[in-house]
Amino acid sequence: MTESYAALNLVLDFCVIAILILGIWLFHWPHRAKFGNLTAAFALACAAGLVLYRNGTMYSNIILLSLVVGSGAGFWVAKRITMIQIPAMVAFQHGAGGVAAFLLSFAELIRGSQHLGMVNEISGLLGLAIGSLTFSGSMIAGGKLSNRLGQTPRILPRHTWLLMINLIGIIMLIIVSVVGLLESRIFLYILIIFMSVLFGVIFSIRIGGADMPVLISFLNATAGVAAAFCGMIIENKLLISCGATVAASGSILTHVMCKAMNRSLYRVFVPGQDISPKNKISSQDTTDTQIIAPKNNFQTALEYAREAKKVIIIPGYGMAVAQAQFAVIQLSNIMLDMGKDVKFAIHPVAGRMPGHMNVLLAEAGIDYDLLKEMDEINPDFSKTDLSLVIGACDVVNPAAIEVDGSPISGMPILHAHKSRHVVCCNLDDKPGYSGVKNPLYENENTILLLGNAKETIERLVETFPQVTPDMEEYSSLNQTDQKNPLELATATLLSAQKIIIVPGYGMALAQAQFKVVQLASMLESLGTDVKFAIHPVAGRMPGHMNVLLAEADVDYDKLYEMDEINPEFSQTDVVIVFGACDVVNPSAMDTPGTPISGMPILMAHDAKRILVCNFDANPGYSGVENTLYKDQKTIMLIGDAASTANNLIEAIKS
Amino acid sequence: MTNLLLMIGIFLFSFVVGYFLISRIPTLLHTPLMSMTNAISAVTILGVLILFSVASTRTEQIIGSIAFVMAAFNLVGGFAITDRMLRLFKKKETGGGAP
């Protein structure tokens with residue numbers, strides 16, 4: 001009876017582990033990862049259920065209260081955090097895991113000090129030590145990542161010695177506890193916790209900003225090891241297994257990060273004091289000569305960007321610091337809309353944690369098919385017209401390949417120097433974290449756009465579309481047959497009683513919101529009823545249009561959500577579309593099989609008249625021809641939305 | 001002794017399986033992966049549940065409840081933030097205005 005019961009229990013444990021493994025396995029595909037995450041969460045819930053069922057509980061009130069407090073806080077923080085804070089958040093979470101591990105070990109040790117087996121006791125002591133150092137190490141890492149602590153490595157005198165003495169002290173204390181020389185064990189345990197916390201602090205403070213991906217992955221592994229040791233004290237297979245899986249994951253990430261920086265784990269954790277100062281000197285020598293390199297050649301850069309057919313964008317930590325990811329995506333979307341081939345090259349250690357750049361770009365709404373790993377994209381650089389470097393230095397430093405004996409020699413890099421032109425949007429031309437000067441900056445085909453990356457990219461975005469050949473064509477077209485549509489449009493507007501304005505991303509690009517709002521208030525002063533219809537996906541982020549119109553001082557009572565305003569279109573005299581296409585494309589409703597079929601749209605086509613103030617008559621992002629443009633009720637005012645709005649204002653005035 | 005061997009066996013088995021499983025996960029998902037495994041490391045919550053399954057002293061209860069709060073924070077926060085992050089990864093935008 002008991003044997004079959006034990007066998008059943010073993011099977012159940014393995015089932016839970018299998019579900020957990022399935023969850024991790026689903027991470028092989030980006031579109032299944034979300035389900036994988038939920039699967040893993042489900043596995044842990046099952047495990048908790050199993051433990052409760054088998055052992056029961058004496059203190060359900062304490063458990064319930066702690067559960068509500070802990071998970072409530074966790075959930076609240078997770079919902080409120082912004083994406084730029086993710087690295088710090090992950091570090092603090094590691095810390096919380098470390099606290100839980102060492103407190104659990106502590107409680108088990110003081111409870112079972114009389115009857116614990118040798119193995120369990122050693123596991124408990126190791127859990128105590130590793131949990132504590134994970135906690136303090138993560139707190140330091142989190143502090144650095146959230147900029148509460150300085151990013152530079154802080155090196156104490158005889159740093160390595162301090163660490164060694166500290167480590168030996170911890171080991172001695174563990175031995176003393178096991179042998180049982182001292183009566184008061186609790187005192188020993190507290191001393192171990194204290195020493196380990198100190199160890200974590202000394203260990204982490206000398207690791208600098210750009211080595212954070214390694215540290216944070218390493219702490220991920222130690223958190224797993226601590227959990228596994230906790231499992232060994234109480235001989236729980238689920239704990240051991242989950243801990244080991246996390247340890248494996250952390251080790252892989254640590255290994256990948258180290259390899260990508262071409263540094264051994266030892267070199268990251270024990271930065272050679274003889275190496276860094278030398279390089280700092282050599283970097284100071286070179287900054288003087290680098291000033292000769294062309295600076296702020298904005299026009300040339302713009303021309304390169306316009307001419308280029310194949311573009312690779314290389315983001316680095318500088319992009320994260322400047323919060324430039326949204327502007328970068330805006331720029332890449334403009335380029336994509338012009339038919340250019342745009343890709344993103346992601347170096348494994350770009351940023352402050354594994355996959356940092358991917359998260360930031362995903363936040364800004366990138367299609368993840370455009371994100372390419374280093375090995376995949378490196379052969380493409382020689383066929384590329386333009387490499388756009390945004391806040392990255394060491395990962396594109398050709399010295400890693402060309403010069404022997406520098407700290408980055410042999411580190412794998414992105415071969416940006418092989419492309420026809422390189423534009424660097426970096427804050428300065430100083431060497432990166434490694435301290436090795438970047439010869440790429442001095443290349444003939446390189447243009448440096450120094451300064452805040454976000455401002456640089458925004459400037460590119462603003463100037464990019466306005467003088468392109470396409471645009472000139474359209475504006476000349478515009479001028480020849482502009483008179484009739486504009487007059488017609490003005491007449492319609494003046495006779496209208498009820499007007500709905502539909503803004504889209506084009507309005508944002510043309511920065512036309514102020515003119516649009518001016519037009520709206522002008523029409524209102526003539527006694528017309530004006531409303532704004534906001535499609536949920538208009539623009540490039542949730543609520544994008546609302547923000548822009550709020551900036552231009554629109555009363556938010558006038559901003560209507562799609563479902564609210566859709567019934568009103570049929571009673572509306574004129575709909576004015578500013579830079580929106582897909583969100584008013586009737587094909588979404590009446591043509592099956594297109595990429596937008598079934599997408600909810602604003603029913604602009606139900607109105608008596610439609611004015612379309614778009615940049616061109618091409619399809620929008622979806623690539624589906626907009627049948628609204630060919631409707632007889634529609635008046636097309638092609639061109640820059642801001643100047644169209646201005647023309648309308650002038651025409652109404654006169 | 002058999003217990004020790006079993007435990008070491010489970011550790012090695014999970015480590016190796018985990019290693020092979022995770023080493024081929026695309027770098028695209030490294031941050032969510034780390035964030036999720038971070039949540040999994042809060043499995044220590046099971047240990048606290050076991051701690052509370054038998055009568056314990058006041059000290060143990062206090063330590064245990066702090067450990068429980070921390071583990072629950074790590075667990076729920078970790079999975080929630082991973083979920084939020086993964087929602088950001090989209091293949092294509094579902095529309096949007098066109099200039």
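Helix 8 of chain A passes helix 3 of chain B in a left-handed crossing. This crossing belongs to a predicted model, and it is one part of a contact between the chains that takes 117 residues from chain A and 82 residues from chain B. Within chain A, two open sheets of six strands each are described below, one with the order 3-2-1-4-5-6 and one with the order 9-8-7-10-11-12.

**Where chain A meets chain B**

- By class, the residues of the contact of helix 8 of chain A with helix 3 of chain B are four nonpolar and two polar, with no charged residue among them.
- For the contact between the two chains as a whole, chain B gives 82 residues and chain A gives 117 residues. On the chain B side, helix 1 (2–23), helix 2 (30–40), helix 3 and helix 4 (58–88) of chain B each supply at least two residues.
- Which helix of chain B supplies the largest share of the side that touches chain A? That share, 28 residues, comes from helix 4 of chain B, and the side of chain B that touches chain A divides by class into 48 nonpolar, 26 polar and eight charged residues.

**Helix packing within chain A**

- Two packed helices are described by the angle between their axes and the distance between the axes.
- Helix 4 (residues 86–112) of chain A and helix 5 of chain A have axes that come within 7 Å and cross at roughly 160°, which makes helix 4 of chain A roughly antiparallel to helix 5 of chain A.
- The crossing of helix 4 of chain A with helix 5 of chain A is left-handed, and their contact has 14 nonpolar, 12 polar and one charged residues.
- Helix 5 (residues 118–145) of chain A also meets helix 8 (residues 212–234) of chain A, and here the axes come within 8 Å and cross at roughly 155°. Helix 5 of chain A is therefore roughly antiparallel to helix 8 of chain A.
- Helix 5 of chain A and helix 8 of chain A cross in the left-handed sense, through a contact with 17 nonpolar, nine polar and one charged residues.

**The sheet with the order 3-2-1-4-5-6**

- Six strands of chain A form this open sheet, with parallel pairing. Strand 3 and strand 6 (446–448) of chain A are the edge strands, each pairing on one side only, and neighbouring strands of the sheet are turned by 25° against each other on average, direction ignored.
- Strand 1 (residues 310–315) and strand 2 (residues 341–346) of chain A run parallel and are joined by four bridges; in strand 2 of chain A, Val342(A) is the bridge partner of Val311(A).
- Three bridges pair strand 2 of chain A with strand 3 (residues 371–373) of chain A in the parallel sense. Ala345(A) has Lys372(A) of strand 3 as its bridge partner, and Ile346(A) stands opposite Glu373(A) of strand 3.
- Strand 2, helix 15 (residues 356–363) and strand 3 of chain A make a right-handed β-α-β unit.
- Helix 12 (residues 298–307) of chain A lies across strand 4 (386–390), strand 5 (421–425) and strand 6 of chain A, running at about 125° to strand 5 of chain A. Helix 15 of chain A also packs on the sheet, touching strand 1, strand 2 and strand 3 of chain A, and its direction makes about 140° with that of strand 2 of chain A.

**The sheet with the order 9-8-7-10-11-12**

- This open sheet of chain A has six strands, and the pairing is parallel. Strand 9 (559–561) and strand 12 (634–636) of chain A stand at the edges with a single partner strand each, so one side of each is left without a neighbour in the sheet.
- Strand 8 (residues 529–534) of chain A pairs with strand 9 of chain A in the parallel sense over three bridges, and Leu559(A) in strand 9 of chain A is the bridge partner of Phe532(A).
- Helix 22 (residues 513–525) of chain A lies across strand 7 (498–503), strand 8 and strand 10 (574–578) of chain A, running at about 175° to strand 7 of chain A.

Key: Residues are numbered from 1 along each chain as its sequence is written. Chains are lettered from A and ligands numbered from 1 in the order in which they are written. This is a predicted model: local features need pLDDT of at least 70, side-chain atom pairs count only at pLDDT 80 or more; totals for chains, interfaces and linings use all residues. Axes are lines fitted to C-alpha atoms, for helices over the stretch in contact, and angles run from 0 to 180 degrees between N-to-C directions. Angles under 35 degrees count as roughly parallel, over 145 as roughly antiparallel, 65 to 115 as roughly perpendicular and the rest as oblique. A crossing is left-handed if the near helix is turned anticlockwise from the far one by less than a right angle, and right-handed if clockwise. Ala, Val, Leu, Ile, Met, Phe, Trp, Tyr, Cys and Pro count as nonpolar, Asp, Glu, Lys and Arg as charged, and the others, Gly among them, as polar. Two residues are in contact if their C-beta atoms, placed from the backbone, lie within 7 Å. Two strands pair if DSSP finds at least two bridges between them. A crossover is right-handed if, with the strands pointing away from the viewer, the path from the first strand over the helix to the second runs clockwise.
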